Amino acid sequence: ILRSLNDRRIYLAYQPIVASDTGEIVFYEALLRIPDGRGNWMNAGQIMPAIERLGLGRSVDRYAIDQAIKVLTANPDLHLSINVSSLTVADRAWTRSVAMDLQETPDIAQRLIVEITETVAMEDVAEAQRFISAMRELGCRVALDDFGAGYTSFGQLRALTIDLLKIDGSFISGIAENHDSRLFVQTLLHLAKGLDVPTVAEFIETDAERDILVEAGVDFLQGYGIGQPVMNPNFMAKKTG
């Protein structure tokens, strides 16, 4: 990881998120990729625990957001989301440095969605709200990732002033066969609707899962069954496939 940082061999793959009603690509999520030295790629799920244990989350997040800004600059119609770690959320110096980059380019900030996990937000709601407010003041939107995993209360969720809720993938995988997951997702969607916050369903792999979620009223769809993450996507494409 350190070698990849020093050699600037950290890359982003881009996975499309589509509108549930039209199937058109609305934005992409930028996902971390690092070469393992054996011809394969390590994804964020494999490397982020080590990155956070080493205290490198802020450096990696800074590098990733710099790359995202470059891509947004080169593609004026593109909208991107990008995850940040718990260390980044609590680091006010990090927030100020990003603010310096974005305050002169509000058009780019308006096309950037910053994602934090529900677990991170619940660790310190006040600190999370400070971070969210700072990002939104710049013009960015903020998404709450892994929604449902932390069992956020209605009051806490309302206090966070989130722009987008991404339903935890553990409730999506196998939803066609799991009645309990369908009930729980419907509950999450009802809560989001009450707050007037759009929703994304992640980890969709099958047509059956997609159909259930569309019927349930999810606004946006994401997953390998919708579109694979790729390094050099055609950002001009309107639909996947």
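1. Lys 166 sits in strand E7, residues 164-167. Strands (E, at least two residues) and helices (H or I, at least four) are DSSP runs, numbered from the N terminus. The model is predicted: local features need pLDDT of at least 70, side-chain atom pairs count only at pLDDT 80 or more, and totals for chains, interfaces and linings use all residues. Residues are numbered from 1 along each chain as its sequence is written, and side-chain values use heavy atoms, leaving out hydrogens and water.

2. Lys 166 is buried, at a relative accessible area of 0%. Buried means under 20%, exposed over 50%, partly exposed in between (1.4 Å probe, protein chains only).

3. Contacts of Lys 166 (heavy atoms within 4.5 Å), beyond neighbours within four places in sequence, include Glu 29, Glu 115, Asp 145, Asp 146 and Glu 202.

4. The whole structure holds 6 aromatic pairs. Rings of Phe, Tyr and Trp (its six-membered ring) pair if their centres lie within 6.5 Å; planes under 30 degrees apart are stacked, over 60 edge-to-face, the rest tilted.

5. Tyr 11 and Trp 41 have ring centres 5.4 Å apart and planes at 90°, so they pair edge-to-face. Tyr 11 is in strand E1 and Trp 41 in strand E3, so the pair ties together parts 30 residues apart in sequence. Tyr 11 is partly exposed at 35%, and Trp 41 is partly exposed at 44%.

6. Trp 94 and Phe 131 form a tilted pair, because their planes are at 40°, with centres 6.4 Å apart. Trp 94 is in helix H5 and Phe 131 in helix H8, 37 residues apart. Trp 94 is buried at 4%; Phe 131 is buried at 0%.
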